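This report describes how selected parts of a protein chain are arranged. Please keep the sequence and the model in view while reading.

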Amino acid sequence: MTERFVAIQVGAVSFVDEGVSPVLDIFQERGGVNALFLATPTWTRGTGGRQLPDLPLPDHGLQEHDFDWVGGNYATVHPEFYGGTMLGAAGRAPEHPGWDIFAEVLPEAKARGMKSIAWIEESSYAPELRRYPNFPKCLEVDAWGRPAPRFCFNNPDYRTWHLSIVEDYAKSYDLDGLAWCSERPGPLNLLMQGPVQPSGVTCFCPHCQKIARDRGIDVRRAQEGHRKAIDWNSRLASGDRPRDGAFVSFWRLLLEYPELLAWQTLWTDSQRQLYRDIYGVAKACKPEIQVGWHVYHNISFSPFYRADQDYAELSRFSDFIKVVNYDNCAGPRFHTWVENICRSLFADATPAEAYPLLLKLLQLDEAAYEELPSTGFSADYVRRETERAVEGVEGRCHIYPGIDLDIPTRHQGSARRDKPVDALGTTGISGGVSNDAELAQCTRDGVKAAVLAAFTGGAQGVVLSRKYSEMRLDILSGAGAAVRELS
Ligand SMILES: [Zn+2]
């Protein structure tokens, strides 16, 4: 059989701190790794920079936090590929100027027979993106017609900017693949799954409005419906309960404003069209390049987001899909997620009451609700979700589950010490239980079990996540132990 694909996500800082050869040695020897997901561009601590500033550093790398980390493009910028977008080139990260992650890493990875994939983060909520000239001209628009602080998928300049990065990387470097990451759930999912910021419920920009009109959707009624849904959401968040209950009053809104559903589908299609464009553009530049996506953790938690992310449809424009199956941090994250939805759509129930039904809807079987933060999810969760994905894509693309190696369970924000953590109304998984309770921690055996479970579920590979700079070495060895057992 073909060799199992074992990738690891790694940012520029690790190679700069520890050296390219020593890092690749560790990956091969400890993790059984044969592929790299190289994070660029990225503006999020999820994949860029060292360990989160308020957590202990792992047992490798420079023992110093990078409080002023900003992020950006860690490859050389080739301005000729960025024509036609007012955002200009994907600018160099201020860290490691003159150091090109692809130029430094690709030759040695290739010599070792390791594949190299560019991990492209959309990072749409990152405040650093606001530094871009003309940023305000590419923004989403909220239900009151006010610009919101994120790029819109349907904005031509934003689309062109992303496709320019794809062309730059595909043509300038000998990459084996591109992986694109966008952690956004869409307006209706946000409204249902917890308290929202009104500016998070989007998009009604002129480009989205035009697509809506082409589909025969009444834009005025859609905006009105969203304004009423935001009012419903904020009433529930403040503890107020409609006489007919949270769920019935929400369903009535859907009956009165089917445009709410239509707009969520418009949103999902728009994100998917950017996938299709990235896929086609990358292949046009380099036919053999492998193109795939990160499907974020909400697919494990939200039946509504899961319904949007139809694997059969995704497989029509994918060579691979990295499905987030982070088992350990899923415990604290889902605990928070259930708490949040019980402040919105399921406000008629307590989290402990809603949780067993959610498990059934999601085809999961995990620990009792109150134990979740300390137990995490099981390896069996990885197997179940992998099987579902493998069956879903019907053999048209590969499934590479994302495996949890020391993903923080306390602090999910992208914050530096001097900037605020993003509020709810963004990815919806800002989560993390914020008290000092004993939270689940990754173990060597747990990681080994998760990797084995992924392959038992039929995966063609795994992606060790989220970034090497937050993983302890012994935890990485757990993945290697699984790979050796399988070979
Ligand atoms: Zn828009």
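At what angle do helix 17 and helix 18 pack? In this predicted model, the angle between helix 17 (residues 444-456) and helix 18 (residues 473-486) is about 40 degrees, and their axes are 7 Å apart. Angles from 65 to 115 degrees count as roughly perpendicular and angles under 35 degrees as roughly parallel; helix 17 and helix 18 are therefore oblique to each other. The crossing of helix 17 past helix 18 is right-handed. On the side of helix 17, the contact is made by Arg444, Val447, Lys448, Val451, Leu452 and Phe455. Helix 18 contributes Asp474, Ile475, Ser477, Gly478, Ala479, Ala481, Ala482, Glu485 and Leu486. Sorted by class, the residues of this contact of helix 17 with helix 18 are nine nonpolar, two polar and four charged.

A second pair of helices is formed by helix 7 (residues 219-237) and helix 9 (residues 259-285), whose axes come within 9 Å and cross at roughly 100 degrees. That angle makes helix 7 roughly perpendicular to helix 9. Helix 7 takes part through Val219, Arg221, Ala222, Gly225, His226 and Ala229, and helix 9 through Glu259, Leu260 and Trp263. The contact of helix 7 with helix 9 has five nonpolar, two polar and two charged residues.

Two residues of this contact, Val219 and Trp263, also touch alanine 212. Alanine 212 is found in helix 6 (residues 206-214). Is alanine 212 buried or exposed? Its relative accessibility is 0%, so alanine 212 counts as buried. Apart from neighbours within four places in sequence, alanine 212 is in contact with Ile217, Val219, Trp263 and Leu266. Alanine 212 and tryptophan 263 are 51 residues apart along the chain, yet their C-alpha atoms are separated by 7.8 Å.

An α-helix has 3.6 residues a turn, so residues three or four places apart point the same way.

| Helix | Buried residues | Packing partners of the buried residues |
|---|---|---|
| Helix 8 (residues 246-256) | Ala246, Ser249, Phe250, Leu253 and Leu254 | helix 5 (187-193), helix 7 and helix 9 |
| Helix 14 (residues 351-361) | Ala354, Tyr355, Leu358 and Leu359 | helix 11 (303-308), helix 13 (327-341) and helix 15 (372-375) |

The buried residues of helix 8 are Ala246, Ser249, Phe250, Leu253 and Leu254. These residues cover an arc of only 150 degrees around the axis, which puts them on the same side of helix 8. For helix 14, the buried residues are Ala354, Tyr355, Leu358 and Leu359. They fall within an arc of 140 degrees when seen down the axis, so they line one face of helix 14. Which exposed residues does the face turned away from the buried side of helix 14 carry? That face carries Glu353 and Lys360. Just after helix 14, glutamine 363 takes a positive phi of about 60 degrees.

Threonine 47 is located in the loop between strand 2 (35-39) and helix 3 (101-111). Why does threonine 47 count as buried? Its relative accessibility is 5%, and buried means under 20%. Not counting residues up to four places away in sequence, threonine 47 touches Gln9, Gly11, Ala39, Thr42, Trp119, Glu121, Arg466 and Lys467.

Notes:
Residues are numbered from 1 along each chain as its sequence is written. This is a predicted model: local features need pLDDT of at least 70, side-chain atom pairs count only at pLDDT 80 or more; totals for chains, interfaces and linings use all residues. Side-chain values use heavy atoms; hydrogens and water are left out. Axes are lines fitted to C-alpha atoms, for helices over the stretch in contact, and angles run from 0 to 180 degrees between N-to-C directions. Helices (H or I, at least four residues) and strands (E, at least two) are DSSP runs, numbered from the N terminus. Angles under 35 degrees count as roughly parallel, over 145 as roughly antiparallel, 65 to 115 as roughly perpendicular and the rest as oblique. Contact means heavy atoms within 4.5 Å. Ala, Val, Leu, Ile, Met, Phe, Trp, Tyr, Cys and Pro count as nonpolar, Asp, Glu, Lys and Arg as charged, and the others, Gly among them, as polar. A crossing is left-handed if the near helix is turned anticlockwise from the far one by less than a right angle, and right-handed if clockwise. Buried means under 20% relative accessible area, exposed over 50%, partly exposed in between (1.4 Å probe, protein chains only). The arc is that of the directions from the helix axis to the C-beta atoms.
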